[in-house]
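This briefing sets out the fold of a single protein chain, from its overall dimensions to the surroundings of one selected side chain. Please read it alongside the sequence and coordinates shown here.

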Amino acid sequence: AAEFTLQQLKEHATGITFEPKLDEGLYLVGTGVRKKSIVKVYAVAMYSSPAVLAAVSRTTLGEAARTFSATSPATSFLLHMVHSVGAEKIAGAIAESVKLRYKGSPSDIKSMETLLIDGVNKIGSQAVKGTVIRFDCSAEGVMVSVNGESQGIARFDGLGSALVDVFT
């Protein structure tokens, strides 16, 4: 019954609106914006399970979102581009952020980066305004989608948690 009261949420700085629930039963936890200097690059929304929603607080959210279990199998991030960025640039920036938080091999991160580059290149080598990049993080790794088209999964233990840490 509570689902009927859920509403879209607008990220304030960009005006991008995010749906309250993804089809996979993941619920909107919050939104934010990535800025580079004064340029708003993308709006981001985090979706997770009801178990993570129950843990929402400054001190517990990050740990709850990155700890995957039967009651919390995934955390997803939707990035809505508000500024055009080249495939290599957006993928490289995200990969650099993950490198600081991931204890595995750099080649694991490169696999995720390649999925993103390939997805953006399929739409013309630029993540233009309106492009939607999705990362589905789980214990398995990180699934990458661009504009609703799955690019594959980088299957490496701990990679999903590291990407969650980038955004939380």
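Among contacts in the protein between residues at least 6 apart in sequence, 57% join residues at least 24 apart. The model is a predicted one. The protein contains five helices and ten strands, and six of the strands form an open antiparallel sheet.

**Overall dimensions**

- The radius of gyration is 15 Å, which agrees with the value near 15 Å for a compact globule of 168 residues.
- Along the principal axes, the C-alpha atoms fill a box of roughly 45 × 35 × 30 Å.
- Of the 168 residues, 43% are buried.

- Strands β3 (27–36) and β10 (149–154) are the edges, each pairing on one side only.
- From one strand to the next, the twist averages 20 degrees.
- Strands β3 and β4 are paired in the antiparallel sense by nine bridges, and Lys36 stands opposite Val39 of β4.
- Strand β4 also runs antiparallel to β5, to which six bridges join it; here Tyr42 stands opposite Met81 of β5.
- Eight of the ten residues of β4 are buried, so that this strand is mostly covered.
- Further along the sheet, β8 (residues 132–138) and β9 (residues 141–146) run antiparallel and are joined by six bridges; Cys137 has Val142 in β9 as its bridge partner.

**Helix α4**

- Helix α4 (residues 106–122) packs on the sheet, where it touches β8, β9 and β10. Its direction makes about 170 degrees with that of β10.
- The 17 residues of α4 reach 24 Å from the first C-alpha to the last, close to the 24 Å expected at 1.5 Å a residue.
- Buried positions in α4 are Asp108, Ile109, Met112, Glu113, Leu115, Leu116, Ile117, Gly119 and Val120.
- Cover for these buried residues includes the helices α3 (87–99) and α5 (159–167), together with strands β7 (126–127), β8, β9 and β10.
- Just after α4, Gly124 adopts a positive phi of about 120 degrees.

**Helix α3**

- Helix α3 has 13 residues and spans 18 Å from its first C-alpha to its last, close to the expected 18 Å at 1.5 Å a residue.
- Its buried residues are Ala87, Ile90, Ala91, Gly92, Ile94, Ala95 and Val98.
- These buried residues of α3 are covered by elements including β4 (39–48), β5 (74–81), β6 (85–86), β8, α4 and α5.

- Met112 lies in helix α4. Its relative accessible area is 2%, and it therefore counts as buried, the cut-off being under 20%.
- Leaving aside neighbours within four places in sequence, Met112 is in contact with Ile94, Val98, Val142, Val144, Ala154, Leu159 and Leu163.
- Met112 and Ala91 are 21 residues apart in sequence, with a C-alpha to C-alpha distance of 8.5 Å.

Note on methods:
Residues numbered from 1 in each chain as written. Predicted model: local features only at pLDDT ≥ 70, side-chain atom pairs only at ≥ 80, totals over all residues. Heavy atoms only, no water. Pairing = 2+ DSSP bridges. Helix = DSSP H or I, 4+ residues; strand = E, 2+ residues; numbered from the N terminus. Axes fitted to C-alpha atoms, helices over the stretch in contact; angles between N-to-C directions. Contact = heavy atoms within 4.5 Å. Expected span 1.5 Å × (residues − 1). Buried < 20%, exposed > 50% of the residue type's maximum accessible area, 1.4 Å probe, protein only. Rg over C-alpha atoms; globule rule 2.2 N^0.38 Å.
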